Amino acid sequence: MDINLKPVTAAAAGIDTGGEEQYRILIDSITDYAIFLLNPEGYISTWNTGAKQIKGYDAEEIIGKHFSIFYTKKDIDENHPAEELSKAIAEGKYTEEGWRVKKDGSVFWANVVITPVYDKDQQLIAFSKVTRDLSERKKAEDDLYRAFEELKESEERFRLLIEGVTDYAIFMLDPGGNVATWNHGARRMNGYEANEIIGKYFSRFYSQEQVEEGFPDYELRQAKEHGRFEDTGWRYRKDGSVFWANTVITAIFNEKKDLIGFSKITRDLTEKLQMEQQLFRVNEELRESEEKSRLLIDGVKDYAILMLNPEGIVMRWNEGAERIKGYKSGEIIGRHFSTFYDRESISKGFPQYELRKAQEVGRFEDEGWRIRKDGTAFWANVVITPIYNGKKRLLGYSKVTRDLTERRRNEELMHKNSELIKINNELDNFVYAASHDLKAPITNLEGLLQALEEDLGEDLQKHEVLLKHMNGALGTLKNVIADLSDVTKLKHEHEAPEDVQIRDMLEDIKISLQPYIEHTGAVVQCKGMDFETLRYSRKNLRSILFNLVSNAIKYSNPDRNPMVKISTTITESGVYELSVQDNGLGLAPSQIGKIFSLFKRAHDHVEGSGIGLYLVKRILDNSGDSISVESEEGVGSRFIVRFHQTKK
């Protein structure tokens with residue numbers, strides 16, 4: 001029996017049609033047909049009332065089982081179930097009649113239609129399988145055949161048997177195709193009385209077009225050649241109305257193999273066709289609705305939107321979920337959603353707790369760490385909502401996840417910045433107090449030291465070295481206090497920027513450092529200057545250059561004369577870079593991150609306060625600029641200062 005179903009889409013596959021309850025009720029209401037879905041490997045994924053009635057299994061008993069469970073051992077040994085799926089894919093549909101096995105082990109004669117289901121990308125996602133129990137029809141055919149065999153003994157018995165059937169039109173044709181017998185089912189279905197139709201050629205049940213094409217004659221030739229012929233199509237009643245009929249014509253031979261006529265069994269399938277058409281329309285509407293829903297959900301990229309079944313297994317996966325969590329849909333669908341949780345949460349049963357709370361309260365929201373495919377953690381906001389059908393049966397859960405890692409990081413940074421501001425303010429207050437409160441004691445120490453020198457008189461020469469060290473220590477302390485004063489002034493001074501000639505400022509700095517330069521034999525020069533002028537606070541730019549150049553000379557390698565190169569360049573992004581490169585001692589990697597901190601020094605054997613580079617960084621931080629360093633021990637260092645210049 002050819003049911004003539006068209007290929008269906010994923011909405012009919014039960015693979016989450018968005019909870020379309022009407023569609024499920026419609027399928028479940030069909031009891032004459034077993035209508036269910038197989039996944040691409042042949043495992044059962046849906047089960048309707050008709051399937052339960054025909055085959056005897058409840059849904060929970062059969063879903064997840066391979067459909068070969070309905071076949072005889074002989075069919076399974078011959079790999080017949082797999083061949084059916086292959087033919088369905090190759091031909092677009094597979095139709096067959098044969099014996100199938102019920103739950104209780106009994107067999108029935110089944111008409112089976114298997115249709116492949118494809119998604120919008122023409123990827124196979126399932127098979128629809130429609131089964132009709134034709135045991136009665138098979139029995140009628142078998143009874144008819146036996147009746148013919150017994151015709152010589154009891155023709156009257158045969159006539160009574162045939163005429164007793166009212167749901168089928170069962171009649172005989174002579175070898176030429178003329179109606180020879182006519183039962184009550186034929187009269188009811190076709191509208192002719194026996195005396196109106198017997199002796200007439202059976203083509204009058206067909207359309208004029210089919211008659212002109214010779215289709216009735218073709219049916220008889222096929223039945224004679226193959227023993228039987230089956231067809232489904234439109235047939236005509238006496239009053240001209242049409243009905244959708246399934247017809248089986250069987251050739252009847254005598255013991256000598258001579259053709260003595262044909263049996264013709266017709267079933268009115270108009271209601272079935274209407275049901276199929278209605279199902280198709282519903283399926284198309286569901287497909288369109290599902291497609292709109294899918295496009296809407298898949299278009300959301302900032303949220304991971306997924307569906308879980310009642311046990312927490314992932315059933316749907318959108319593009320946002322792939323972007324946030326890292327899994328492709330094929331990698332995660334079918335796995336439990338606890339995959340996204342750390343081991344501690346899993347061991348405490350937190351994923352299951354979320355589902356329970358969602359059911360109890362109607363919604364569950366949480367923020368916490370979740371795990372991506374690559375093992376990294378992200379801070380997630382999660383909302384889980386249970387989904388029920390019209391009968392309040394739990395269908396699953398929707399789960400919406402948002403990555404709030406950046407927000408949490410910003411909150412932590414704001415907290416740290418707040419702490420740092422507090423620390424910096426306290427440090428500024430300390431530095432300010434220290435730089436001012438120490439000036440008077442140092443002045444007193446200088447006065448006392450001078451008085452001591454005067455009191456020593458003739459003994460002054462004996463203590464000259466010690467006094468020299470004391471004066472030097474006081475001088476160093478005065479320099480530190482002066483540097484601390486410069487640091488505290490940064491917070492309160494706001495000098496207007498001006499156009500500063502870098503070469504001229506460098507010459508002025510070289511004059512100030514002349515004793516250092518002469519003592520070390522240093523060479524300070526400008527090379528590769530992409531820009532000569534910088535718009536900046538003159539005082540602050542001098543402090544930056546002075547500290548960088550003086551440090552380059554101060555921390556020189558004793559094995560070679562200091563070489564200091566100043567260069568400028570403009571990056572593609574418009575940043576002005578000034579670099580100071582030396583061939584000095586260089587820095588260990590562990591020291592690079594520390595040298596811009598207050599009182600941090602990389603080389604303790606060289607005299608210094610540990611304030612200079614800290615001062616440079618504070619100046620640049622205040623102006624929104626930056627400094628970095630590239631260095632190698634024993635080779636030298638290169639300090640890069642980056643200025644963001646605005647148009648005048």
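The structure, a predicted model, holds 28 aromatic pairs, where rings of Phe, Tyr and Trp (its six-membered ring) pair if their centres lie within 6.5 Å, with planes under 30 degrees apart counted as stacked, over 60 as edge-to-face and the rest as tilted. Local features need pLDDT of at least 70 and side-chain atom pairs count only at pLDDT 80 or more, while totals for chains, interfaces and linings use all residues. Residues are numbered from 1 along each chain as its sequence is written, and side-chain values use heavy atoms, with hydrogens and water left out.

One of the pairs is tilted: Phe171 and Trp182 lie 5.0 Å apart centre to centre, with 45° between the planes. Phe171 belongs to strand E5 (residues 169-173) and Trp182 to the loop between E5 and helix H8 (184-190), 11 residues apart; helices (H or I, at least four residues) and strands (E, at least two) are DSSP runs numbered from the N terminus. Phe171 counts as buried at 1% relative accessibility, as does Trp182 at 8% (buried: under 20% relative accessible area, 1.4 Å probe, protein chains only).

The pair of Phe215 and Phe229 is edge-to-face because the planes stand at 70°, with ring centres 6.4 Å apart. Phe215 lies in helix H11 (residues 215-226) and Phe229 in strand E6 (residues 228-236), so parts 14 residues apart in sequence are tied together. Relative accessibility is 19% for Phe215, which counts as buried, and 13% for Phe229, also buried.

The charged end of Lys138 is placed over Trp109, 4.1 Å from the ring centre, and that of Lys325 over Phe340, 4.1 Å from the ring centre.

Notes. Buried < 20%, exposed > 50% of the residue type's maximum accessible area, 1.4 Å probe, protein only. Lys NZ or Arg CZ within 6 Å of the ring centre and 35° of its normal.
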